[in-house]
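Please look through the model below before reading on. The paragraphs that follow go through contacts, pockets and surface in turn.

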Amino acid sequence: MRNQLSAELLKARSGTAFPALLLVSLLLAAVGQLGAVYAENGLAAPGAAADTTHRVLNMAGSSALFAGLFGAVLVTAEFRSGAIGRTVLHAPSRSTVVTAKLVTATAAGLVFGLLAVAAALGVGALALSARDSALVLDGRGWRVAAAAVAVCGFAGLWGAAVGWVVRHQLVAVVGLLVWGTVGQLMVLGRLPEAGRFLPEGAQHALLGDRLTFPDALPAPAGALVLAVWCAVLALVGRQLFLRRDV
């Protein structure tokens, strides 16, 4: 298992998908974070700087979409190139291959989250400083930061699980993009009672983002919903991989 995991980590580091998706996610988040700071007209008011800091950190969670895309690419790239056959041939078992990729995707998602939070702190500090204000890192701010990292970790796992189920790279990537940017948002807006139990709704819950989604579950329940979704999809993907030809 250790050798298989080392091989998967090497694959994750060697390609261009990780840095490319990470860079795009940080740039898009930075645009939103700058907008959040400069849209606030009353930064001198009590609590305004703290609320703005929380919004900036909350936006680090947007990197979850790209962490999920990386997880899907990590799995489906081998099906696209045909390398999955060699991977299975040299691995102790198919289950080991699935587990190693899921662990690698989760670790990559956590890296996405950590770097997204670090970038959010940098962007927020510079933008607030330009407006004669400063970051307010209180307890809630650190909780939001930790939640953003956790959401990205779950997203990496979720994306890899989708890759095992779908296997086709274009279908997996387009599906995650469409569902993550349009599909779930439509469900959250029109069917909030159902949407709160979807991964996107659970992410809002974990981030404590009740401004965007007032019907979100409590944060612990959101974490549980995310864990259940990831576990079920990973199990389905594993079973399909064990039964399908490569």
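A residue is called buried when its relative accessible area is under 20%, exposed when that area is over 50%, and partly exposed in between (1.4 Å probe, protein chains only). The model is predicted, so local features need pLDDT of at least 70 and side-chain atom pairs count only at pLDDT 80 or more, while totals for chains, interfaces and linings use all residues. Residues are numbered from 1 along each chain as its sequence is written, and side-chain values use heavy atoms, with hydrogens and water left out.

Both Glu 78 and Lys 101 are buried. Their side chains form a salt bridge with an N to O distance of 2.6 Å; the term stands for a side-chain nitrogen of Lys or Arg within 4 Å of a carboxyl oxygen of Asp or Glu. Glu 78 lies in helix H4 and Lys 101 in helix H6, 23 residues apart, and the pair links distant parts of the chain. Helices are DSSP runs (H or I, at least four residues), numbered from the N terminus.

Lys 101 also meets Glu 8 in a salt bridge, at 2.7 Å from N to O. Because Lys 101 is in helix H6 (residues 94-130) and Glu 8 in helix H1, this pair ties together parts that are 93 residues apart in sequence. Glu 8 is buried, with a relative accessible area of 0%. Glu 8 forms a salt bridge with Lys 11 as well, the closest N and O atoms being 3.3 Å apart. Those two residues are three apart in helix H1, so about one helical turn separates them. Lys 11 is partly exposed at 33%. Together, Glu 8, Lys 11, Glu 78 and Lys 101 are linked in a network of salt bridges.

Next come the pockets. A pocket is an open set of points on a 1 Å grid over the protein atoms alone, with protein on both sides within 12 Å along at least five of seven lines; its lining residues have an atom within 4 Å of a point. The largest pocket has a volume of about 990 Å³, the volume being the space filled by probe spheres set on the points. Of the 41 residues that line the largest pocket, Gly 61, Ser 62, Glu 200, His 204 and Leu 207 are the closest to its centre.

The second largest pocket has a volume of about 200 Å³.

Technical notes: On a 1 Å grid over the protein atoms alone, a cavity is a set of points where a 1.4 Å probe fits but cannot get out, and a pocket is an open set with protein on both sides within 12 Å along at least five of seven lines; lining residues have an atom within 4 Å of a point.
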